[in-house]
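Trainee: I would like to go through one model with you, a few residues and contacts at a time. Please give the criteria as we go.

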Amino acid sequence: RKIAKDCTENCLNRLLLVEADYKAITKGVDSDLFTKAAGVCLCTGWAPGSALVHERWARHLFREGNPSAAALRLRKSIDFYRNWGAEGKVAQLVKEFPDVAT
């Protein structure tokens, strides 16, 4: 937390992602926290982080039984990965979630 506070542009986005992921695992999905993490990733230009936030968010939503919201997040994740040029990751997600990712 101290590092994230002292170096917001490099660390806050990662801290928020870890916090959102941890809370989803331990207490359930907090969409506000994932939204904040995604926003900070966009503001700091961390494209891989934006993709990862949406991917992790989608996986937690699927686990919690919210497939429509999960599908939306997964498609956003795929778009971010594709725009970043991570075609291998896009292919992995399309293979894992063929009904949602296409």
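Trainee: Is Ser77 buried or exposed?

Mentor: This is a predicted model, in which local features need pLDDT of at least 70, side-chain atom pairs count only at pLDDT 80 or more, and totals for chains, interfaces and linings use all residues. Residues are numbered from 1 along each chain as its sequence is written, and side-chain values use heavy atoms, with hydrogens and water left out. Buried means under 20% relative accessible area, exposed over 50%, and partly exposed in between, with a 1.4 Å probe and protein chains only. The relative accessibility of Ser77 is 0%, so Ser77 counts as buried.

Trainee: Which residues does Ser77 touch, not counting residues up to four places away in sequence?

Mentor: Ser77 is found in helix H5, where helices (H or I, at least four residues) and strands (E, at least two) are DSSP runs numbered from the N terminus. Contact means heavy atoms within 4.5 Å. With residues up to four places away left out, Ser77 touches Ala51, His54, Glu55 and Leu93.

Trainee: How are H4 and H5 oriented to each other?

Mentor: Axes are lines fitted to C-alpha atoms, for helices over the stretch in contact, and angles run from 0 to 180 degrees between N-to-C directions. H4 (residues 47–63) and H5 (residues 67–84) pack at about 160°, with axes 8 Å apart. Angles under 35 degrees count as roughly parallel, over 145 as roughly antiparallel, 65 to 115 as roughly perpendicular and the rest as oblique. H4 and H5 are therefore roughly antiparallel.

Trainee: How are the rings of Phe34 and Trp57 arranged?

Mentor: Rings of Phe, Tyr and Trp (its six-membered ring) pair if their centres lie within 6.5 Å; planes under 30 degrees apart count as stacked, over 60 as edge-to-face and the rest as tilted. The structure holds two aromatic pairs. In the pair of Phe34 and Trp57, the centres are 5.4 Å apart and the planes at 10°, so the arrangement is stacked.

Trainee: How many residues apart in sequence are Phe34 and Trp57?

Mentor: Both Phe34 and Trp57 are buried. Phe34 lies in helix H3 (residues 31–44) and Trp57 in helix H4, so the pair ties together parts whose separation in sequence is 23 residues.

Trainee: Of Phe62 and Phe97, which counts as buried?

Mentor: Their ring centres are 5.2 Å apart and the planes at 10°, so Phe62 and Phe97 are stacked. Phe62 has a relative accessible area of 26% and is partly exposed. At 15% relative accessibility, the residue that counts as buried is Phe97.
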